[in-house]
Amino acid sequence: MKINQLLVLLFTIAISPVLAQKDIPVASPNGRIVFLFNLTKIAPTYRVTFDKKTLVDRSELSLVFQGTGVFGPNLIQEKPAIRVIDETYNLVVGKVKTARNYCREAVIPLVDKADSKRRINLVVRVFDDGVAFRYEFPKQSNWSAYVLTDENTTFRLTQNPTVHALFLPNFTSSHEGLYTTIPLGGIKNDTLMDMPALFEFPDKTYLAITEAALNDYAGMYLTKKNAPSGSSVLTSQLSPLPNQSGRASGSEKVKAVLPHQTPWRVMLIGDRVGTLIESNILTSLNEPCKIADVSWLKPGKTTFPWWNGNITPDTTFAPGNNFDTQKYYIDFCAANHIEYHSVVEYGLHEWYVNDGAGFVPGPGVNAAKAVPGLDMQQVCDYAKSKGVGIRVWVFWSALYPKLEEVFTQYEKWGLSGLMVDFMDRDDQEMVNIQTEILRSAARHKLHIQFHGAYKPTGMHRTYPNELTREATLNYETAKWSGVATPDHDLSFPFTRLLAGPMDMHLGGFRAVPDDKYKVQYTRPLMHGTRCHHMAMYVVLESYLGMVADYPDAYKNQPGFEFLKQVPTIWDEVRVLNADVNQYITIARRTGTDWYIGSITNSTAREISVKLDFLPAGNYTAELYSDAPDVARNPNHLTQQTRTVSRADVLTVKMASGGGQVMRLQKQ
């Protein structure tokens, strides 16, 4: 044997333990997306291709447990079980009424060679619009519980894609901030990246990373490191349990008893960014509805007087935390088909008894007892007589210690639901608290709106009484800053909205030119045009929409009729136009009616909206568009009624910060 042949043989022997396994391909039903699993001696790895192009190159997977070390090296792979899942399910609340769960699944058993013989299944599901995988810990005789200190799920993205994401200083966060657009390679190492994050490849392929079915686990983030090859590797970071040392390796992240499983790590993928917005992967990865009777659950729209400054007209009663102030808003709801009125606060004191300052619960807080002068039974009884539901605002730590006691009182009064605020965490403890709140609320026939909370993960399929979540910098900031601009609005559909319903203080009817903008705590002003803000009801997804301005702000105002009509749950969604951070057109259907909303950033533009998605027949279209003089008065709009059909292509002209919205009714 020649020397060079011997060297090749020795080199092959040396690397064969690492490369011995063959790829296990798991393809989407249409074959365009392929997940390729490979077990090396160092760790399990995977790749993801789309139309035969590699988007995620060889990426390692490992888990680090307290006391028992790393699960990754020296594993045995047993025979995978592969099947096709094809089922449909109905959503109680959602962007569609009926969704299809259609994917190819592989369950890949992995066993530690060590004496412990720990067993973890990697479960992979590949859809036509994305990939998801999670780690499952089956019940086993030699392993009953674990403490996880690190989950090292990595994503080695190719081609240095452009990143659209929210960067955070730490894990204690309300997830409210301005989004950044930057090449992946330009991100500083170890920067904490929130999810969902969108990655735009040079050929206009899109990939977003988020998670589904976050339950009894820690919320996940991403950080970037540069690999020796020059590529960038994203690694999962879990929110540590309280009193832990942040991102420090070895801090406790998850404590669990087997059987258990992680949330799904999700990659939404498409050559249309609209595909990612239309996707139902997140709900498909969640369990079916666990609420036996949902007949009491009513999505809809609500007032939120805190936003407008609790404005009332000149009246004979003294405004405050009292019945007469609530009656004024209840009567407004009843006259305008708004389903709910929210009782929040007055004069910076919440509606319930609290001896703390700045809404923070004090030692004598009682979220089941109204302040003197406010009879909640009287408020609820009057609202019921008018066909209006009452909901309240509560600081989470005023609620949680006495959850059942408080919810029992709320049910006795006849409340419909509540906003739970200032949670600002997504460690395992807080995740479990939120799940407990949803379960208890369902028992007492209450809906929940989470504010100051983490992103949605599709769990509104399981607990449909979760009507919406914030996790975004929204129009409440108009009360103290001017950062909520149309440019900021155009980041939402391509990032935060990918996770699901997002709560915004919609309905501001006082738009002004940018040079006239000023901060007002009462009667806040708005950037952008009125049509832009009307269209946000269609562009965004939320099953509890706000009509947050005060009643007289809407009196005899053009466009308010649309706010009264627009639904909050839908049967179908289609993204008709989309250019990341620039503009978007979304069509949503309820019954035979279609609502189409378009918004643009600070650039005025003209776009075409094809109606070829409509069924055959004619529709009566009511169109609300930016008026010609909208630069001087952003509240001006033009209203037009015309007949349209699937053969039509509409020209939509939007001013800087503008929008257009329409309602199509079948003739």
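What follows is a chat about a predicted model of one protein chain.

Q: Which ground rules apply to the numbers here?
A: The model is predicted, so local features need pLDDT of at least 70 and side-chain atom pairs count only at pLDDT 80 or more, while totals for chains, interfaces and linings use all residues. Residues are numbered from 1 along each chain as its sequence is written, and side-chain values use heavy atoms, with hydrogens and water left out.

Q: How many helices and strands in the chain?
A: There are 13 helices and 41 strands. Both are DSSP runs numbered from the N terminus: helices are H or I with at least four residues, strands are E with at least two.

Q: What is the radius of gyration, and what would a compact globule have?
A: The chain has 26 Å, and a compact globule of 667 residues would be near 26 Å, which agrees. The radius is taken over C-alpha atoms, and the globule rule is 2.2 Å times the number of residues to the power 0.38.

Q: And what box do the C-alpha atoms fill?
A: Roughly 105 × 60 × 45 Å, along the principal axes.

Q: What share of the residues is buried?
A: Of the 667 residues, 61% count as buried. Buried means under 20% relative accessible area, exposed over 50%, and partly exposed in between, with a 1.4 Å probe and protein chains only.

Q: What about contacts between residues at least 6 apart in sequence?
A: Among those, 69% join residues at least 24 apart. A contact means heavy atoms within 4.5 Å.

Q: How many positive and negative side chains?
A: The chain has 68 positive and 67 negative ones, and the centres of the two sets lie 5 Å apart. Lys and Arg count as positive, Asp and Glu as negative; His and the chain ends are not counted. Each charge is placed at NZ of Lys, CZ of Arg, CG of Asp or CD of Glu.

Q: Switching to residues. Is Arg 118 buried or exposed?
A: Arg 118 is buried, at 2% relative accessible area. It is found in the loop between strand S8 (98-112) and strand S9 (119-127). Leaving aside neighbours within four places in sequence, its contacts include Phe 65, Phe 71, Asp 112 and Trp 143.

Q: And where is Arg 119?
A: Arg 119 lies in strand S9. At 28% relative accessibility it counts as partly exposed.

Q: Which side chain makes a polar contact with the side chain of Arg 119?
A: That of Glu 78, at 2.7 Å. A polar contact is a pair of N or O atoms within 3.5 Å; within protein, one must be able to donate a hydrogen and the other to accept it, and residues adjacent in sequence count only if both atoms are side-chain atoms. Arg 119 also touches Trp 143 and Gln 140, among others beyond four places in sequence.

Q: How far is Arg 119 from Thr 316 in space?
A: They are 72 Å apart, C-alpha to C-alpha, and 197 residues apart in sequence.

Q: Now His 349. Where is it, and what does it contact?
A: His 349 is in strand S26 (residues 349-350). Beyond neighbours within four places in sequence, it is in contact with Asn 321, Asn 354, Phe 359 and Val 371. A polar atom of the His 349 side chain lies 3.3 Å from the backbone oxygen of Asn 354. His 349 is partly exposed, at 29%.

Q: Where are the cis peptide bonds?
A: One joins Met 195 and Pro 196, with omega about 0 degrees. Another joins Leu 258 and Pro 259, also with omega about 0 degrees. Pro 196 is in the loop between strand S15 (192-193) and strand S16 (197-200), and Pro 259 is in the loop between strand S20 (254-257) and strand S21 (260-261).

Q: Which residues other than glycine have a positive phi?
A: Among them are Lys 52, near 70 degrees, and Lys 445, near 55 degrees. Most residues other than glycine have a negative phi, and most peptide bonds are trans.

Q: Are those two lysines buried or exposed?
A: Lys 52 is exposed, at 82%, while Lys 445 is partly exposed, at 40%.
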